[in-house]
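Keep the model open while you read.

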Amino acid sequence: VDLAGLRARQITKADFAAFDLVLAIDDGHYRQLLRLCPPPYRERVKLYLSYAPEFGRDVPDPYYGKGDGFEKVWQMCQAVTDALVTEIRSRLR
């Protein structure tokens, strides 16, 4: 996956109005996002793994743990992507 053209940045209050969905990678980030989010947009904030609940609530940091951590996180990301694409397609019908 080529991420060369992407750069991280801090989220702003305007992002909640600009984006239909804001995903948090874990409960800590979810709570931080809700504190920042204006009340009319709170339904747009979701846990990333809410789209693949079989993996739990938090995406683990693959740098800490066993050698297969990156593979497990990749599997989580694939499951979330599949579920999210399915949901978006169903909404467009």
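## Charged pairs and their surroundings

Asp68 and Lys72 bring their side chains together in a salt bridge, at 3.4 Å from N to O. Asp68 is partly exposed, with a relative accessible area of 35%, and Lys72 is partly exposed too, at 44%. Bear in mind that this is a predicted model, and every value here is computed from it.

The structure holds 4 salt bridges. Here are three of them, side by side.

| Pair | N to O distance | Relative accessible area |
|---|---|---|
| Asp68 and Lys72 | 3.4 Å | Asp68 35%, Lys72 44% |
| Asp27 and Arg57 | 2.6 Å | Asp27 18%, Arg57 49% |
| Arg9 and Asp15 | 2.9 Å | Arg9 56%, Asp15 7% |

What does the salt bridge between Asp27 and Arg57 tie together? The two side chains meet at 2.6 Å, N to O. Asp27 lies in helix 2 (residues 27-36) and Arg57 in the loop between strand 2 (45-47) and helix 3 (69-92), so this pair links parts of the chain that are 30 residues apart in sequence. Is Asp27 buried or exposed? Asp27 counts as buried because its relative accessible area is 18%, and the cut-off for buried is under 20%. If you set aside the neighbours within four places in sequence, Asp27 is in contact with Leu47, Arg57 and Asp58.

The salt bridge between Arg9 and Asp15 has its closest N and O atoms 2.9 Å apart. Arg9 counts as exposed, with 56% relative accessibility, whereas Asp15 counts as buried, at 7%.

Now for the charges of the whole protein. There are 14 positive and 13 negative ones, and their mean positions are 6 Å apart.

## The overall layout

How many helices and strands are there in the protein? There are 3 helices and 2 strands. Reading from the N terminus, the elements go α-β-α-β-α. As for contacts between residues at least 6 apart in sequence, 46% of them join residues at least 24 apart.

## The start of the chain

Which residues make the nonpolar surface patch of about 480 Å²? Val1, Leu3, Leu6 and Trp74 make that patch. Val1 is found in the segment before helix 1 (13-18). Val1 is exposed, with a relative accessible area of 81%.

Ile11 lies in the segment before helix 1 as well. Ile11 is partly exposed, with 30% relative accessible area. Leaving aside neighbours within four places in sequence, Ile11 is in contact with Phe16, Val22, Leu33 and Leu36. Take Leu36 from that list: Ile11 and Leu36 are 25 residues apart along the chain, and their C-alpha atoms are separated by 9.0 Å.

## Two more distances to check

Where is Pro39 found? Pro39 sits in the loop between helix 2 and strand 2, and at 63% relative accessibility it counts as exposed. From Pro39 to Pro53 you go 14 residues along the sequence, and the two are 25 Å apart in space, C-alpha to C-alpha.

Over in helix 3 you'll find Glu71. Glu71 counts as partly exposed, at 45% relative accessibility. Glu71 and Tyr51 are 20 residues apart along the chain, with 18 Å between their C-alpha atoms.

How values were computed: Residues are numbered from 1 along each chain as its sequence is written. This is a predicted model: local features need pLDDT of at least 70, side-chain atom pairs count only at pLDDT 80 or more; totals for chains, interfaces and linings use all residues. Side-chain values use heavy atoms; hydrogens and water are left out. Patches are made of residues with over 30% relative accessible area and no salt bridge: like charges are joined within 9 Å, nonpolar side chains (Val, Leu, Ile, Met, Phe, Trp, Tyr) within 5 Å. Accessible areas come from the Shrake-Rupley method with a 1.4 Å probe; for residues, only the protein chains shown count as cover. Helices (H or I, at least four residues) and strands (E, at least two) are DSSP runs, numbered from the N terminus. Buried means under 20% relative accessible area, exposed over 50%, partly exposed in between (1.4 Å probe, protein chains only). Contact means heavy atoms within 4.5 Å. Lys and Arg count as positive and Asp and Glu as negative; His and the chain ends are not counted. The place of a charge is taken as NZ of Lys, CZ of Arg, CG of Asp or CD of Glu.
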